[in-house]
Amino acid sequence: MDVIGHFVDGKPFSGSSGRHGDVFDPATGRRTARVELASAADVAVAVEAAGRAARLWRDASLARRTAVLFAFRELVHARRDRLAAVITAEHGKVLADAAGEVQRGLEVIEYACGIPSALRGGFSENVSTEVDSYSLRQPVGVVAVISPFNFPVMVPLWFLPIAVACGNAVVLKPSEKDPGAALLLAQWFAEAGLPDGVLNVVNGDAEAVNALLDHPGVKAVSFVGSTPVARHVHQRGTAAGKRVQALGGAKNHMVVLPDADLDLAADAAVNAGFGSAGERCMAISALVAVEPVADALVARIAERLGRLRTGDGRRGCDMGPLVTAGHAARVRSYVEAGVAAGAVPVVDGRDVEPDGDAGGFWLGPTLFDHVTPDMSIYTDEIFGPVLGVVRVGSYDEAVELVNANPYGNGTAIFTNDGGAARRYQHEVEVGMVGVNVPIPVPMAYYSFGGWKSSLFGDLHAHGEDGVRFFTRGKVVTSRWLDPRHGGVNLGFPTQT
């Protein structure tokens, strides 16, 4: 059986902990590999390698950095099918969904290729007599990226290209559930010309996470995961003097007003609720139907769910398995709790007959009607293919319900009333809003992140916030009394 190790200082690295975790094919339930779990000592080796590399990489010209990013982009684009296959084999999402994940990651790489424009500072001449002031941004140093299982390519690529383009060195700790894609990214970055030690990968569990949070050589931490862990990462990291952006969980609401196109809304609810088996922080898990549309909307969604094929993501199915047996059991327990609490199971995913191996981690699409805000299927982030319909009597009641939720990651409103949509985007206390768009994930040149218990820290992922997070601002005030001249040189200026 394959043993998946680490990648440190430009080469494979085997740690000293002696601990291992199991990697499964979720569609079959079979163990496919063992992954090394790093100790604090292993993490220290990676951080030290990153520290050595950071001192050199920060002085690399913008021209050299962008050349590496362009080459890396070409490698990922040419090998996207291979990357998607690794995602499906370890995570379980269907191949089309995995390919879409790679594409969203590519968008951030392409944004990072334009880093010279993003790092331009300001200049003010003669702020005082013969005195000039200007601003610039410099890399932080060594940064840690801790990414979740549900997007083993896209989430690391939210951070890695921008951190590297800004002149930092990185230690990436991917999820131990599906580590294969992260190692490919590191190898391809090296192939693209990234110097040894600028990107390192350590696999591990909580021990590795805490070691990164405590190590004095790590200056900043980017994290995506559940809210309890995001809170822990933020508290422990900031207590150690680090800059931290910790993106947490969600309970995303989709509000459907009476004037909405119900066929469009039903399509969107299915797409956003059950893509990637609901294992998305931007998945719609609470559908708020403003009466009198609930009966018609629920019927449309149920009809569409009846046509979905759940099964092995390599067989052309619509929805794949859950990532592990334990997670599948956890999500199934929420379905049982919803039934016990009195919600109406319009479609029960426990009855699914999957197109896949009997040992796979299966749960089909599940639709509950008449969900109330006191039920656990409403209050908790289930992170599975479970959609609950909450019926309300008015627009105001819908907004009050959304704003009362402790999470504030994403939301959507479906309506043909522009005034209502404009009012909603103004009043709702959520970081990302979609108008007739169910999953409002912004493009790479905007920033991704929520409000309230969905984000700990001030700056969001990628876009302008990403550049600010991975750099520190500096202002210089200068006076030059005796300007020097460089002499005659008739050659054309070149980049060095």
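Which residue takes a positive phi in the hairpin of E6 and E7? Select the two residues between the strands: Glu130 is the one, with phi near 60°.

Before going on, two notes on the model. It is predicted: local features need pLDDT of at least 70, side-chain atom pairs count only at pLDDT 80 or more, and totals for chains, interfaces and linings use all residues. Residues are numbered from 1 along each chain as its sequence is written, and side-chain values use heavy atoms, with hydrogens and water left out. Element names follow DSSP runs numbered from the N terminus: helices are H or I runs of at least four residues, strands are E runs of at least two.

**Stop 1: the whole domain**

Select residues 18-476. The UniProt annotation "domain: Aldehyde dehydrogenase", from an unreviewed entry, covers this stretch. UniProt positions are given in the numbering used here, feature names are shortened, and annotations may be inferred rather than shown by experiment. Over residues 18-476 the chain is 41% helix and 22% strand. The end C-alpha atoms of that stretch are 50 Å apart.

**Stop 2**

Select E6 (123-128), E7 (residues 131-139) and E23 (471-479). They form an open sheet in the order E6-E7-E23, with antiparallel pairing. Two strands pair if DSSP finds at least two bridges between them. E6 and E23 are the edge strands, each pairing on one side only. The twist averages 30° from one strand to the next.

Now zoom in on E6 and E7. Three bridges join them. Phe123 has Tyr134 as its bridge partner in E7. Ser128 stands opposite Val131 in E7. Glu130 lies in the loop between the two strands.

**Stop 2: H2 against H7**

Select H2 (residues 62-78) and H7 (residues 180-191). Their axes come within 8 Å and cross at roughly 130°. Axes are lines fitted to C-alpha atoms, for helices over the stretch in contact; angles run from 0 to 180 degrees between N-to-C directions.

The crossing of H2 and H7 is right-handed. A crossing is left-handed if the near helix is turned anticlockwise from the far one by less than a right angle, and right-handed if clockwise.

Show side chains. H2 makes the contact (heavy atoms within 4.5 Å) with Val68, Leu69, Phe72, Leu75 and Val76. H7 brings Leu185, Trp188, Phe189 and Glu191. These residues divide into eight nonpolar, no polar and one charged. Ala, Val, Leu, Ile, Met, Phe, Trp, Tyr, Cys and Pro count as nonpolar, Asp, Glu, Lys and Arg as charged, and the others, Gly among them, as polar.

**Stop 3: H2 against H4**

From H2, pick Leu69, Phe72, Arg73, Val76 and His77. From H4, pick Val102, Leu106, Ile109, Glu110 and Ala112. This contact divides into seven nonpolar, one polar and two charged.

**Stop 4: backbone exceptions**

Most residues other than glycine have a negative phi, and most peptide bonds are trans. Lys452 has a positive phi, near 55°. Find Lys452 in E21 (residues 451-452). Last, go to Glu291 and Pro292: the peptide bond between them is cis, with omega near 20°. Pro292 sits in the loop between E14 (284-290) and H11 (294-305).
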